[in-house]
Amino acid sequence: QVQLVESGGGLVQPGASLRLSCLASGSIFDMYSMGWYRQVPGKQRELVGAIIEGEGGIIRYADSVQGRCTISADRAKNTVDLQMNNLKPEDTAVYYCNVEDPLRNLDYWGQGTQVTVSS
């Protein structure tokens, strides 16, 4: 069983930076992927960035955040972080941490952290 707890969200002005952190209890580095998603009311949850351990650790980002976000994982701390720079109002959403392994039918989500970008 894996539990994920996100932190680091908040209200910031356009152009600011935030670092979201996901603290995991349980083993996550043997999962197929670790990532961050976001969701706004009325829309589907979308991928922001993910580390695909099952494909050699490649990293994928949504086109909308490419160049502005960096996802990283720390084995010693058992965390998955998302550094977001040059934030825009359209980045406003609830951000969720996720780890999954489809072959083992495992899919875990955190409770989410709100990010609001507004002047």
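**Entry 1: burial and overall form**

I started with burial: buried residues make up 42% of the 119 residues in the protein chain. Here I take buried as under 20% relative accessible area, exposed as over 50%, and partly exposed as in between, with a 1.4 Å probe and protein chains only. I keep in mind that this is a predicted model, where local features need pLDDT of at least 70, side-chain atom pairs count only at pLDDT 80 or more, and totals for chains, interfaces and linings use all residues. I number residues from 1 along each chain as its sequence is written, and side-chain values use heavy atoms, with hydrogens and water left out.

Next I looked up the secondary structure and found zero helices and eleven strands in the protein chain. I read both as DSSP runs numbered from the N terminus, helices being H or I with at least four residues and strands E with at least two. Along the sequence the pattern is β-β-β-β-β-β-β-β-β-β-β. The radius of gyration is 14 Å, close to the 14 Å that the globule rule gives for 119 residues, so the protein chain is as compact as a globular protein of that length. That radius is taken over C-alpha atoms, and the rule is 2.2 Å times the number of residues to the power 0.38. I also noted that the C-alpha trace spans about 45 × 30 × 25 Å along its principal axes.

For contacts, I count heavy atoms within 4.5 Å. Among contacts between residues at least 6 apart in sequence, 56% join residues at least 24 apart.

**Entry 2: the nonpolar core**

I turned to the core, meaning a set of buried Ala, Val, Leu, Ile, Met, Phe, Trp, Tyr and Cys residues joined through side-chain atoms within 4.5 Å. The largest nonpolar core has 30 residues, and those with the most contacts inside it are Leu4, Ile28, Trp36, Leu82, Met84, Tyr95 and Val99. At least two residues of this core come from each of strand 3, strand 4, strand 5 (46-52), strand 7 (69-74), strand 8, strand 9 and strand 11 (113-117). A general reminder to myself: in soluble globular proteins, nonpolar side chains tend to be buried together.

What does Leu82 touch, leaving aside its neighbours within four places in sequence? I find Leu82 in contact with Leu18, Arg19, Leu20, Trp36, Val48, Cys69, Thr70, Ile71 and Tyr95.

**Entry 3: rings around Trp109**

I then searched for aromatic pairs, in which ring centres of Phe, Tyr and Trp (its six-membered ring) lie within 6.5 Å; planes under 30 degrees apart count as stacked, over 60 as edge-to-face and the rest as tilted. The count comes to two aromatic pairs. Tyr37 and Trp109 are edge-to-face, 5.1 Å centre to centre with 65 degrees between the planes. Tyr37 lies in strand 4 (residues 33-39) and Trp109 in strand 10 (residues 106-109), so the pair ties together parts that are 72 residues apart in sequence. Tyr37 is buried at 18% relative accessibility, whereas Trp109 is partly exposed at 35%.

Tyr96 and Trp109 are also edge-to-face, at 6.4 Å centre to centre and 85 degrees between the planes. Tyr96 sits in strand 9 (residues 93-101) and Trp109 in strand 10, so this pair ties together parts that are 13 residues apart in sequence. Tyr96 is buried, at 14%.

The charged end of Arg45 sits over the ring of Tyr96, 3.7 Å from its centre, and over the ring of Trp109, 4.5 Å from its centre.

**Entry 4: salt bridges**

How many salt bridges does a search of the whole structure find? I get seven, each a side-chain nitrogen of Lys or Arg within 4 Å of a carboxyl oxygen of Asp or Glu.

Asp81 pairs with Arg19, the closest N and O atoms being 3.3 Å apart. Asp81 is in strand 8 (residues 79-84) and Arg19 in strand 3 (residues 18-25), 62 residues apart. Asp81 is buried at 12%, while Arg19 is partly exposed at 43%.

The side chains of Arg38 and Asp91 meet in a salt bridge at 2.9 Å, N to O. Arg38 is in strand 4 and Asp91 in the loop between strand 8 and strand 9, 53 residues apart. Arg38 is buried at 6%, and Asp91 is buried at 2%. Salt bridges that share partners join Arg38, Glu46, Arg68 and Asp91 into one network.

Technical notes: A charge sits over a ring if NZ of Lys or CZ of Arg is within 6 Å of the ring centre and within 35 degrees of the ring normal.
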